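Please consider the model shown below together with its sequence.

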Amino acid sequence: MRDGRCSRTREMRVGDSTKPGERSTTIGSFRVRSSRRPGCTAARDDTTAIRGAFRASALSFSGSTTRRQFVAGAAGAGLALALPFPLRSRQERQFDTVVVDGRLVDPAEGIDAPRDIGIIDGRVARVAERIAEAEGRQVVRAHGMIVTPGLIDIHAHVYDGVSGVSIEPDVVGIAKGVTTVIDAGSSGATTFPGFKAYVAAPARTRVYALLNVSSPGMTISNELADLAYIDPDAIVATVEANRDVIVGLKVRMLAGIPGGNDIEVMRLTRLAAEGAGVPIMVHIGGQTSPLARILEMLRPGDVVTHALRRSGSILDDSGNVYPEVLEAVERGVHLDIGHGRGNLDFDVAERALGQGIPLAAISSDVHRGNALGPVFGLPTTLTKFLHMGMSLEDVIGCATSTPAGIFDFGEELGTLREGAIADLSVFQMVEGDYELVDSGGKRRRAARRLVPYAAMRAGRPYGAITR
Ligand SMILES: [Zn+2]
């Protein structure tokens, strides 16, 4: 706010919440400046609002709010305030929020350039080289920062409290700059209703699911120990009734499939996927049959996850990508990472990338068993691929535009083009001396990493946990 007119201004530290009745799940503190005297300048251009851990950052939020939001926000922070003076009318400013001074990386639009973004009603209303701060009721200053479409992690496990290793979605989602998370098979037809009601619905992060083809999903230790757990009719019925959350099916080629009956599992999975009209994500590595046999059963649009694991990867014994993998990619099968505790090997990844293998998605497979390392979350996983030589645009594309093209989210995600939902992530590229660790404990020294600073879901800002 620079206009000098009397209005209340809330200077938001990273992590504030702005909507009535909602709580921020993130870190941060709340500060209010207000004055009762008309004609005062209640607001200042105050980049010192971000201190401490955020000192290095030029990111700050400021802006005026409606009375309702202000009171609710103050109450949420434990403050009780009376607001006797009139509010500015919304019509006086063009945008609800402007994000200024950042470097926009939006691979869907082929943009990697300084751009400002104007947001109205949770959607991107304008992307331009310059938008005046005065145009926004709230200003996000992202000087020196990278602004991307909200990241999409297509492989995580977030059925917290029910499926063994799952973790809370917001801890690995919005708090790390990841606005959309797909739970990859934690729930199946009989356990999905609880996932939808108690995990997906209340989360601040957009949470979708790949339904496990096994009815209990990953609520038991080997969900394919009995083929009777696969009920194609129940899968189709569950998908049809829940297309707002379920975007595909998940099948894990586990070593414990009875009788090595992996091809039968794939047959039933494909039957269900065709009936429901959704893509399949197949977890490779534990199949008894050759990988080529599994790939044969995939259709264009299906996804192979754990492509760069140490054993059972897409490389043959001499370290070359199997021709069948290239063929599958050629006909539209997507390759995904799914880092996880056992599925990213630096040597395999470096070899495969060196052979020009095209990745469709970089996902974390984050869960409680790896969130404290080696995975941490999607930003650290992306950092590993930057370190292995991928460009920033390609890495961001693998977590925004290409995932958005694989799954039908029912919304236009993965881009910040005008008209799209205003889901965005703000990062700093921090220089230093960092150790990156893969799933097998191999180490690499990196000179930079992507650190999440903030995210917005439909125009609403959240702060970030920085690893
Ligand atoms: Zn997984």
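How many helices and strands does the protein have? The protein has eleven helices and 18 strands, where helices (H or I, at least four residues) and strands (E, at least two) are DSSP runs numbered from the N terminus. The model is predicted, with local features needing pLDDT of at least 70 and side-chain atom pairs counting only at pLDDT 80 or more, while totals for chains, interfaces and linings use all residues. Residues are numbered from 1 along each chain as its sequence is written.

Of the 467 residues of the protein, 55% count as buried, a residue being buried if 20 or more other C-beta atoms, placed from the backbone, lie within 10 Å of its own. Among contacts between residues at least 6 apart in sequence, 74% join residues at least 24 apart; two residues are in contact if their C-beta atoms, placed from the backbone, lie within 7 Å.

**Sheet**

An open sheet of seven strands, with parallel pairing, runs in the order β9-β10-β11-β12-β13-β14-β15, two strands being paired if DSSP finds at least two bridges between them. The edge strands, each pairing on one side only, are β9 (151-156) and β15 (334-335). Strand β10 (residues 178-188) is joined to β9 by four bridges in the parallel sense, and Val178 of β10 is the bridge partner of Leu151.

**Helices and their buried faces**

| Helix | Buried residues | Elements packed against |
|---|---|---|
| α3 (192-200) | Phe192, Phe195, Val199, Ala200 | α2 (169-172), β10, β11, α4 |
| α4 (232-241) | Ile235, Val236, Thr238, Val239 | α3, β11 (206-212), β12 (246-252), α5 |

In α3, Phe192, Phe195, Val199 and Ala200 are buried. These buried residues line one face of α3, because they fall within an arc of 70° seen down its axis, the arc being that of the directions from the helix axis to the C-beta atoms. In α4, Ile235, Val236, Thr238 and Val239 are buried. They lie on the same side of α4, because they cover an arc of only 165° around the axis.

**Contact of α4 with α5**

The axes of α4 and α5 (residues 262-276) come within 9 Å and cross at roughly 35°, with axes fitted to C-alpha atoms over the stretch in contact and angles running from 0 to 180 degrees between N-to-C directions. Pro232, Ile235, Val236, Val239 and Glu240 of α4 make the contact with Leu268, Leu271, Ala272, Gly275 and Ala276 of α5. The residues of this contact divide into eight nonpolar, one polar and one charged, where Ala, Val, Leu, Ile, Met, Phe, Trp, Tyr, Cys and Pro count as nonpolar, Asp, Glu, Lys and Arg as charged, and the others, Gly among them, as polar.

Conventions: A residue is buried if 20 or more other C-beta atoms lie within 10 Å of its own, exposed if 12 or fewer, and partly exposed in between; C-beta atoms are placed from the backbone.
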